[in-house]
Amino acid sequence: MRYIAAYLLLQIGGNASPSSADVKKVLSAVGIEADEERLKKLISELSGKSVDELIAEGSAKFASVPSGGGGGSAVPAAAASGGAAPEAPKEEEKKEEEKEESDDDMGFGLFD
């Protein structure tokens with residue numbers, strides 16, 4: 001991340017095509033030594049691209065990553081199976097009881 005951050009800072013600062021020496025200079029200003037191999041790979045992959053293009057590519061990649069907790073998909077599956085729907089609330093009740101027990105074990109509460 002530090003290499004990308006330094007590269008983007010240089011681009012935003014007006015350097016349309018930062019070199020590895022430019023990135024090294026930014027990193028060394030904050031006391032970070034640059035890894036030559038990683039830096040060369042980064043420069044080769046990002047050369048000729050603008051910040052807007054990079055953000056658009058990143059946003060497209062994030063769109064394909066699942067971000068749900070899985071709770072919504074379990075409800076339709078339980079409804080489709082017929083008998084599994086009543087079991088889900090029992091599991092939630094058990095989880096709540098476990099949380100209360102763990103609070104009692106500590107001997108004090110958050111707001112005591």
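1. In this note, buried means under 20% relative accessible area, exposed over 50%, and partly exposed in between (1.4 Å probe, protein chains only). The model is predicted: local features need pLDDT of at least 70, side-chain atom pairs count only at pLDDT 80 or more, and totals for chains, interfaces and linings use all residues. Residues are numbered from 1 along each chain as its sequence is written, and side-chain values use heavy atoms, with hydrogens and water left out.

2. Helices are DSSP runs (H or I, at least four residues), numbered from the N terminus. Helix α1 spans residues 2-12, and Y3, A6, Y7, L10 and Q11 are buried in it. These buried residues fall within an arc of 135° seen down the axis of α1, so they line one face of the helix; the arc is that of the directions from the helix axis to the C-beta atoms. L9 and I12, on the other side of α1, are exposed.

3. Two salt bridges are counted, each requiring a side-chain nitrogen of Lys or Arg within 4 Å of a carboxyl oxygen of Asp or Glu. In the pair K24 and E36, the closest N and O atoms are 2.0 Å apart. E36 counts as partly exposed because its relative accessibility is 34%.

How values were computed. Helix = DSSP H or I, 4+ residues; strand = E, 2+ residues; numbered from the N terminus.
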